[in-house]
Each structure stands twice: as C-alpha cells, then as structure tokens.
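Colleague: Hi, could you walk me through this one? I have a few quick questions.

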Amino acid sequence: MTRRSALALGGGGLLAMALASCARGSDTRPSAPGTVTLNSDNPTWGPGYAAASAVLDERIGYRITSRSVASVANYGQIIRMTAQTDSTTDLIKWTNGYRLQDIARADILTDLDPVWDAVIERGWVDPAQRESFSYRGRTYGVPLYKSYYAVFYSKKAFAEHGIEVPTTFDGVMDAAQTLKDAGITPFLSPGATTWEAEIWFMQLLASIDPDYYKAVTTNEASYREDPAVQAMDLWSGMYADGFFSAPDVTSNDLPGLVGKGQFGMMLYGTWFANTLLAAGLADDDIGFFRVPPRGSTEPAIVVESGSLSVPVKAHRHDAAVAVAENWLATDVQTAWVGFLGDTSPNPEALPESDLVKDLARDIADTGPTELTRYWEASPTPLVEGNVADLGAFMVNPSKANGAATLRSMEDRARTEWKIWNAA
C-alpha cells in the first residue's frame with residue numbers, strides 16, 4: 001500500500017472494518033479447474049468476459065470467472081488489501097498510467113514484460129501503448145480495453161443545416177456556430193461535478209500542443225505556460241459564444257435530445273457508443289469524428305484504457321499470465337469488442353457497428369499521437385483536485401476564472417509531485 005492509502009485507511013476504524021468485511025465476504029478461494037478469477041468493478045461486463053472466455057478456452061483451456069465488487073467507491077481499497085494476501089483473485093481490472101504505477105510500486109503485481117514482448121511480436125497491440133502500463137521500466141498490465149475521445153454528432157442536424165464533417169479545428173467552431181444559429185445547442189458538455197470536467201481541457205491541450213500535454217502531465221511543464229492559457233481562454237470563449245449546454249445536462253440526456261432535434265455534438269469516449277445504440281439510436285442517427293488539431297499542430301487523440309493485471313499472489317498464477325498473454329489475440333478481442341461495441345487495443349479487432357468502426361479506420365489511416373487520458377496521466381490526488389477545479393470553472397467560465405483555475409492547478413501540482421516523488 002502507498003503511504004497515502006495507508007493514511008486514508010487508518011483514518012477511520014469503521015471504514016477499515018467495512019473494507020475487511022467486504023474482502024472476506026468475497027469468494028476468493030481458487031476457482032474451479034480450467035478457470036481463473038477476475039476482480040472487477042463493472043458487473044455489466046460479465047457477458048463480455050463470457051464471450052471472450054469461450055475463445056480463451058479454445059486457445060489455452062482456461063475461462064475467466066468474473067467477480068464484481070458491489071461498491072465502486074471502495075473497489076480500489078479492496079484490491080490494495082486483498083492483492084497482498086491469499087484472498088486475491090488471479091486477475092484484477094485496474095486502470096493504466098499513474099493509477100497503475102501507484103499499486104505497482106507496492107510490489108503486488110506481476111512483471112508482464114515477457115507478455116508484452118510476445119503480443120508486440122504477434123502484432124496484437126501498438127508498441128506505443130506499453131509506456132502507459134509501465135513503471136520504472138517494467139510493465140504491470142496489458143490493455144483490458146481501449147477507447148478514444150472523439151465527437152459524437154447528429155447526422156440529421158448536420159444534413160439539415162448543410163454541415164460537412166469538420167476536417168479542421170476552425171471547421172469544428174464553424175459547425176458549432178451554424179448549429180447555434182439554427183437554435184440547436186452545439187455541444188452537450190456534462191461534467192461540472194464529475195470526472196467529465198476533464199474532457200474539454202484535455203482535448204483542447206491535445207489539439208493545441210500534444211507535446212505540452214505530455215510534459216505538463218509528467219511534471220515537465222507548468223500549468224501556467226502558454227498552451228494551457230490558450231486552452232482556458234479558448235474554452236472560456238466557447239462558453240461566451242453559447243456553444244455549451246447547461247451544467248445540469250448529462251450524457252444520459254443525449255438519446256432524448258437527438259430525438260427532439262436539440263443535439264449537435266458531444267465530445268466523449270467511444271465506449272458510450274454501445275449505450276446509444278442500446279437506447280434505440282442507429283448508425284444513421286449518430287456519427288463520430290476525431291477532433292482535428294488547431295493550426296499546424298500534429299494530430300493527437302486522447303485514449304482511455306484499463307489494465308488487466310496479475311497479482312503476485314494469484315492462486316493460478318501461470319494460468320493468469322497465459323490469459324494476459326492471449327487476451328489481445330485477434331479472435332479473443334473480436335469477441336470482447338463485439339460485446340463492448342468499442343475499439344480494441346488490437347487494431348485488427350473491430351466491432352460490428354460502423355459508428356465506431358469508421359472512426360477506428362480513420363485513426364489507423366491518420367496515425368495521430370495517442371495521449372493517455374488526463375484521469376490516469378498524473379498522480380491521482382493531483383488529477384482529482386484539478387478536475388474539481390475544472391468543474392468549478394465550468395460553472396463560472398470567465399477568462400479571469402480560467403486564469404485563477406490554472407494558478408490553483410499549478411499550486412497543487414507543486415505539492416502533489418513532491419509527495420509522489422518522495423513516496
């Protein structure tokens with residue numbers, strides 16, 4: 001456990017007892033022969049694991065038995081506790097980036113360097129993804145899934161108002177103005193009180209200067225430098241132009257707004273496509289496009305991913321490593337994304353829906369720089385505090401408040417990076 005986690009758990013006896021009870025209450029004994037156990041915080045993914053497991057069984061003779069922790073809020077603490085004991089599952093679902101580094105530094109995860117060497121050699125994954133699953137030169141997970149952040153748009157609204165899919169950043173702003181003039185809210189933008197507050201900030205940085213995005217999220221640049229100032233000023237200006245929805249509108253409102261003709265665009269993760277299709281929308285209703293770079297900047301796109309990791313104390317350790325090595329196989333991933341309706345870490349595995357498939361092909365043809373999502377790109381306390389600041393900015397998106405927000409983010413960065421480096 002990290003020092004911060006130990007302090008958090010030690011802060012309240014009731015919480016510690018609740019987590020211990022939750023850990024003991026899970027069935028953490030070795031699973032039936034021919035299976036490995038997986039701890040997850042997403043109970044809705046059970047059918048997807050089953051579909052992928054059917055293929056894994058044919059390949060290596062093992063299936064995944066998924067176990068979900070009921071409380072997402074406590075999931076991380078439960079994993080930290082159980083992964084260090086014989087109560088661990090064989091595999092765990094986690095995130096990548098600094099959130100993965102945070103538990104890798106506790107020596108509870110298996111080094112999967114040989115797995116990465118094998119899957120890269122087989123062409124099952126882009127080697128560039130390896131860095132976001134690494135800590136101090138070792139890899140501690142393989143990509144469980146892969147989603148891009150791009151713009152959902154209403155094909156009907158675009159067609160009715162003569163809007164072509166934008167190929168430049170200025171074209172995106174022109175499309176927004178046309179929609180506004182037609183009485184349609186250009187951008188649905190949830191997040192004033194949630195993690196979603198990061199979405200536009202990270203995208204504007206990615207469009208303005210992807211190298212700066214990498215630098216500021218790894219403590220090699222300041223939040224008060226010009227690219228961040230440009231991003232906040234641009235974001236503030238978009239609010240002043242009336243391009244965004246009210247702060248209380250959520251992504252769950254999207255299907256209804258599409259039906260009423262009140263929706264233009266929404267910047268969001270491709271994982272949301274399946275939700276829209278399940279709500280009755282179709283490829284004829286919704287499209288996707290990648291946000292173009294601003295000016296002469298090289299194209300970049302933000303990537304969200306999860307980690308499939310193997311605890312050192314896994315009961316069926318060798319089998320779990322074999323599952324990790326075969327998870328990215330094209331046939332396994334095809335079954336997996338067939339359930340998710342999303343893109344895959346394996347570029348050869350595509351979902352059935354053209355909504356995501358067309359975007360995946362565009363990304364493959366364009367080859368934009370892939371950036372780790374902001375939520376995982378820096379130490380957790382820093383990110384969560386900064387996202388709260390960004391949410392407050394969304395409620396009062398003035399240029400002056402944008403500058404104040406960057407000052408607060410930079411002050412927090414100086415503190416939290418010092419704590420991270422000292423741990």
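Modeller: Happy to; we can start with the whole chain and then look at some residues.

Colleague: Great. What kind of model is it, and how are residues numbered?

Modeller: It is a predicted model, where local features need pLDDT of at least 70, side-chain atom pairs count only at pLDDT 80 or more, and totals for chains, interfaces and linings use all residues. Residues are numbered from 1 along each chain as its sequence is written, and side-chain values use heavy atoms, with hydrogens and water left out.

Colleague: How many helices and strands does the protein chain have?

Modeller: There are 19 helices and eleven strands. These are DSSP runs numbered from the N terminus, helices being H or I with at least four residues and strands E with at least two.

Colleague: And how compact is the chain?

Modeller: Its radius of gyration is 22 Å, close to the 22 Å that the globule rule gives for 423 residues, so the chain is as compact as a globular protein of that length. That radius is taken over C-alpha atoms, and the rule is 2.2 Å times the number of residues to the power 0.38. The C-alpha atoms fill a box of roughly 60 × 45 × 40 Å along the principal axes.

Colleague: What share of the residues is buried?

Modeller: 55% of the 423 residues count as buried. Buried means under 20% relative accessible area, exposed over 50%, and partly exposed in between, with a 1.4 Å probe and protein chains only.

Colleague: Let's switch to helices. What does H16 pack against?

Modeller: H16 covers residues 354-366. Its buried residues are Leu 355, Val 356, Lys 357, Leu 359, Ala 360 and Ile 363, and they pack against E6, helix H13 (273-278), and strands E9 (286-289), E10 (300-309) and E11 (369-372). Contact here means heavy atoms within 4.5 Å.

Colleague: Does H19 have the span you'd expect, or what is its end-to-end distance?

Modeller: The end C-alpha atoms of H19 (residues 399-422) are 35 Å apart, which agrees with the 34 Å that its 24 residues should span at 1.5 Å a residue. The expected span is 1.5 Å times one less than the number of residues. Among the buried residues of H19 are Trp 417 and Trp 420.

Colleague: New topic: Leu 254. Is that one buried or exposed?

Modeller: Leu 254 counts as buried, at 0% relative accessibility. Leu 254 is found in helix H12 (residues 254-259) and touches Leu 188, Phe 263, Met 266, Phe 272 and Leu 276, not counting residues up to four places away in sequence.

Colleague: And Ser 251, where is that?

Modeller: Ser 251 is in the loop between helix H11 (226-240) and H12. Ser 251 is buried too, with a relative accessible area of 8%. Its contacts beyond four places in sequence include Leu 188, Met 266 and Phe 272.

Colleague: Last one: which phi value does Asp 107 have?

Modeller: Phi of Asp 107 is near 60 degrees, a positive value in a residue other than glycine. Most residues other than glycine have a negative phi. Asp 107 lies in the loop between helix H5 (97-104) and helix H6 (113-121), and counts as exposed at 64% relative accessibility.
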